[in-house]
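Here is a short briefing for a reader new to this structure. Look through the sequence and the model first, then read the points below.

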Amino acid sequence: MSLTRFLPVPSDRMGILWSLLNIEDSVIVEYGPAGTTHFSMSLFGELGIEQENRLFTTHLREDDVVMGDTSRLEKALVEVDNNFHPSVIFVSASSCSAVIGTDLRGVCTMIKPKVNARLVAFEQGGFRGDYSAGIRETYRLLAEQIAESGVPKRAGTYNIIGASVGSYRCKADMLETERLMREAFGMEPHARLCLETDLERIRTMGGAEINLVMRGEALDAARMLESKCGTPYVCGAPYGYAGTLAWLESVGKTLGREPAPALVGELKKRAAEAMQYKMYGRMLRRDRPQALLYGDCETVRGLGEFLESIGITPARRISIHNLSTLETPPEGIEYLPTERDRMELLRGMQRTLILVDDTSRRLADSSNTYMRISTPVIDGAQVATHMPVMGPRGADMLMEYVEAYFNTLK
Amino acid sequence: MDGNELLSRLKRLSEIDDPRKDIHSLTYAQFPGTHCPLMGAAMAVRGIDGAVMMIIGTDECSYYTKHMTIYSDDWGGLDGRCLSVTIDQHDITFGCVKKVEAAFAELMAERRPEAVFLVTTCVPEIIGDDFDAAADALSEQYGVPVMAVHTEHFKCENHMPGVERTITACFGLMQPCEQDGSVNVLGQRMGRFEDTELSRVLESAGVRIGARLPSGCTLAEIHRASAAKVNIVVNDIGLPLAKKMKQRFGTPYVFFDKFVEPRHIAEAYENLFAFLERPLPMELADLRAEAEKAAESGKAALRGVSFIYGNTPFRAFEACAFMASLGMEPQLVQCHGIGEADAEDVRQILTHADPYITQSANISPMQYIYDVLRPQLYLGHEYPMRLRKKGIAQVHTDMGGGMLGYEVTGYFVKQLAAAAEEGKNIRKGGAMQ
């Protein structure tokens, strides 16, 4: 990496913070310069995250950096514990404390007798990878340190692991997933890691019948919960019509139940209708339909498979985040290490369906057809929570762009 | 949280001997905390047309700063003048100068900017890369002015040093010129100088405006800044540059901050025109009379109105002293510190009241203070609904950031009076509906 002209990929620390801020009854204390906390407010506000009485900074002075004095953090932890009585205080490192090597876990252990809240330390200061690494660590630590074993089973419930508010249409996607689960199996969600959930739900998530692992970063957590609580899990997210059906069948297989026939029938019908685009593609004289996808790896995988199934070849499938976080990255998905690589790729695209973020759209010329599937959102805002990228509703939306794309081809 | 207990940790204004030690934060855990000097540097570079800002820092520092600039025409939007070199674990171990050099080569190949500010952040300052030397070397290699600006937040309390260091770094861009009778404006952070009363007065008097740092100027104007007859320092952040220019070019400077007290404004005008060796414009007498009338008329509405001072674009203690002179009651003042220049205002305040003093930018615990002090007004940024629920009216003064001269007095009194009236309605329950 060298020159960065646009927004960099958010760091591990940023992924951790936007995940933890979605957990009610907890407080985050950042051990670092106050300016970073203040600066973060606009991004978190844009992501719809409340920060008041949830996020605090200790600030750092030169003495703390030079001498390694952590008394400022210790006092802040005792104070937050006394003033807000949270069940858990997440103690977050900053780039400064990570570089000087502050032993946050050690501080938590030392201060533990003086506080009632459980202390969970996140020592990532922004140098252990991008947000993908951060959310993976968050899911893992929540499963390891907050979720309890021996919780009574609650029939008809499931957990979602892998929601990330940094992802485009995260909330809409979770609502679509929940709608599918309700219609297919009559089940209701319990904990959502990490979207609008709370500590009690995470503590008792071992009572759910199944864990839905929506992205590769959540796999560690799911395995931990399987071994700790005996909860089975299913990997992958529902994209496209046939993809959603396959996903529901996979969930049903694990649950030992069949998805509701009406929903299955509807998905089969829509999948068959979408297949007509294969034929439209073959009828073109000049062009061959192709797509470029750039976004979260799981989104790119799911939408890429859907497009391929309807005759639009994904020319390139690019993950916005580093793939090294994933145990087995899906085949055919690349990660471009420099911004220049992405600029050159997009500037070379013509008459292509580009499913990307707003920055990438601006790099591509107007012969392409654009649909946003990834953050950052620069042109406009995310408001609707009924317009997912996942599920049949997401596929419906994509089909509108596919239709518009075919209108540009000859 | 117990508001009384929080207040018991604070000292009153009369008890402050050493501001660095005696002005305490309400709590150890703060929210939202102060802005960082990196943001200050960005505020300054925004106003220097043609200059590029290259941040050397973490993904996070770069992200937030870029995020702040992408909707700004001054910056050029998403593809604009705010760029970065993001550092990783490898750079922490082995240094990041080589990476910056490579990025700089890309920058020069693509854009060839007229000047570049290399803005370092906390981490490169901790690892100790020498970016002053790197800036000199890059400047020599590419024949473009490159200035290093250091913005580590752990060595300062807020964003102002970032603005100050960036405009002070512009000294390196200045070339010796023959004096042309113009004035430079140093330290205006908000608004456009052209829109101020001071600008109109100078224009009427036939005084040309030279460089305006950082409120919007070109690099060519900075190159010629030494041609000025006088530097007008409109905020403390302009002082280091003014002092350097005085030493190197002999340019005198006058201090003309965003004063609210008409007497202070009059002194600033008199001082400025004395240095300009021009008669005091006649219109100033009318403007002063208008400001004094506004202050006088405000007394009736504001006498006995209690307030907590959070932040305004004005000098904290000068504004509080002025409000106290109107009969208002300062209960608590949030500030970054108390300097020598504040001494007279502090004395003035103490003749009326002895408010609590605390560090600014920590609004989270303030809600418990409201329950104890029950102020009628809050000056500054806060959650408006939270204030209303506590029966407090918010005084908005951001527009004052773009004002200089007697216009500040009238505007400030008007905002105070409007808020006092709103406060009455809130307490009656009217505005809550």
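In chain A, residues 24 or more positions apart account for 73% of the contacts with a separation of 6 or more. The model is predicted. The points below cover chain A as a whole, then a sheet that takes strands from chains A and B.

**Chain A overall**
- Chain A holds 17 helices and 16 strands.
- Its radius of gyration is 22 Å, close to the 22 Å that the globule rule gives for 410 residues, so chain A is as compact as a globular protein of that length.
- The C-alpha trace of chain A spans about 75 × 50 × 35 Å along its principal axes.
- Of the 410 residues in chain A, 55% are buried.

- Five strands form an open sheet with mixed pairing, in the order β1(A)-β4(B)-β3(B)-β5(B)-β6(B).
- β1 (3-4) of chain A and β6 (146-150) of chain B are the edge strands, and each pairs on one side only.
- β1(A) runs antiparallel to β4 (residues 82-86) of chain B, and two bridges join them.
- Within this pair, A:Leu3 stands opposite B:Val85 in β4(B).

**Helices on the sheet**
- Helix α3 (residues 37-46) of chain B packs on the sheet. It touches β3 (51-57), β4, β5 (115-120) and β6 of chain B.
- The direction of α3 of chain B makes about 165 degrees with that of β3(B).
- Helix α8 (residues 131-142) of chain B lies across β3, β5 and β6 of chain B. This helix runs at about 165 degrees to β6(B).

Note on methods. Residues are numbered from 1 along each chain as its sequence is written. Chains are lettered from A and ligands numbered from 1 in the order in which they are written. This is a predicted model: local features need pLDDT of at least 70, side-chain atom pairs count only at pLDDT 80 or more; totals for chains, interfaces and linings use all residues. Two strands pair if DSSP finds at least two bridges between them. Helices (H or I, at least four residues) and strands (E, at least two) are DSSP runs, numbered from the N terminus. Two residues are in contact if their C-beta atoms, placed from the backbone, lie within 7 Å. Axes are lines fitted to C-alpha atoms, for helices over the stretch in contact, and angles run from 0 to 180 degrees between N-to-C directions. The radius of gyration is taken over C-alpha atoms; the globule rule is 2.2 Å times the number of residues to the power 0.38. A residue is buried if 20 or more other C-beta atoms lie within 10 Å of its own, exposed if 12 or fewer, and partly exposed in between; C-beta atoms are placed from the backbone.
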